[in-house]
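Please consider the sequence and the three-dimensional structure shown below. The explanation after them is written for a reader who meets this structure for the first time.

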Amino acid sequence: MYLHLGQDTVVTVETVIGIFDIDECTVSKKTRDYLTAAEKNGNVVNVSYELPKSFVVCEKKSKITVYISQLSSKTLIKRSQAPYKELMCR
């Protein structure tokens with residue numbers, strides 16, 4: 001099954017490790033550090049021309065990619081039609 005993340009970006013649901021609300025998760029310094037490191041390593045793909053609302057962490061062939069999306073985490077979870085629950089960062 002495929003998950004449309006926004007714009008022209010689609011990933012397979014099997015590669016999704018987590019779907020995160022960007023406002024809830026970036027409060028944590030650890031999450032901000034993770035996203036900064038991922039960006040420095042070239043592992044971040046921004047699929048949004050608008051204000052980002054979520055980020056999706058995917059792994060394919062042992063390579064981690066973080067997608068920044070303008071779609072809400074709830075919307076992405078519903079689209080995935082999988083038994084994922086929204087991941088909350090605290």
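Predicted model: local features only at pLDDT ≥ 70, side-chain atom pairs only at ≥ 80, totals over all residues.

Residues are numbered from 1 along each chain as its sequence is written, and side-chain values use heavy atoms, with hydrogens and water left out.

The protein chain contains 3 helices and 6 strands. Helices (H or I, at least four residues) and strands (E, at least two) are DSSP runs, numbered from the N terminus. Read from the N terminus on, the elements follow the order β-β-β-α-α-β-β-β-α. Of the 90 residues in the protein chain, 41% are buried; here buried means under 20% relative accessible area, exposed means over 50%, and partly exposed lies in between, with a 1.4 Å probe and protein chains only. Contact means heavy atoms within 4.5 Å. Among contacts between residues at least 6 apart in sequence, 50% join residues at least 24 apart.

The strands are described next. Strands of a sheet pair through backbone hydrogen bonds, either parallel or antiparallel. Two strands are taken to pair if DSSP finds at least two bridges between them. Strand β1 (residues 2–6) and strand β2 (residues 9–12) run antiparallel and are joined by 4 bridges. Gly 6 has Thr 9 in β2 as its bridge partner. The hairpin of β1 and β2 has 2 residues between the strands, and Gln 7 takes a positive phi near 50° there.

An open sheet is formed by 4 strands in the order β3-β5-β6-β4, with mixed pairing. Its edge strands, each pairing on one side only, are β3 (16–21) and β4 (44–46). From one strand to the next, the twist averages 20°. Axes are lines fitted to C-alpha atoms, for helices over the stretch in contact, and angles run from 0 to 180 degrees between N-to-C directions.

The pairings can be followed across this sheet. Strands β3 and β5 run antiparallel and are joined by 5 bridges. Strands β5 and β6 also run antiparallel, with 7 bridges between them. These two strands form a hairpin with 2 residues between them, and Lys 61 in the turn has a positive phi of about 55°. Lys 60 has Lys 63 in β6 as its bridge partner. By contrast, β4 and strand β6 (residues 63–69) run parallel, joined by 3 bridges. Within this pairing, the partner of Val 45 is Tyr 67 in β6.

How many aromatic pairs does a search of the whole structure find? The search finds 1. Rings of Phe, Tyr and Trp (its six-membered ring) pair if their centres lie within 6.5 Å; planes under 30 degrees apart count as stacked, over 60 as edge-to-face and the rest as tilted. The rings of Phe 20 and Phe 55 have centres 4.9 Å apart and planes at 15°, so this pair is stacked. It links distant parts of the chain, since Phe 20 belongs to strand β3 and Phe 55 to strand β5, 35 residues apart. Phe 20 and Phe 55 are also bridge partners. Phe 20 counts as buried because its relative accessibility is 17%, and Phe 55 counts as buried at 3%. In β5, 5 of the 7 residues are buried, so this strand is largely enclosed by the rest of the structure.

Helix α2 (residues 29–40) lies across β4, β5 (54–60) and β6, at about 110° to β6. In α2, Thr 31, Leu 35 and Ala 38 are buried. They cover an arc of only 60° around the axis, which puts them on the same side of α2; the arc is that of the directions from the helix axis to the C-beta atoms. The buried residues of α2 pack against α1 (22–25), β4, β5 and β6. The face turned away from this buried side carries the exposed residues Lys 29, Lys 30 and Lys 40. Helix α3 (residues 73–80) lies across β3, β5 and β6, running at about 145° to β3.

Finally, Gln 70 is placed in the loop between β6 and α3. Gln 70 counts as buried because its relative accessibility is 12%. Leaving aside neighbours within four places in sequence, Gln 70 is in contact with several residues, including Gly 6, Gln 7, Val 47 and Pro 52.
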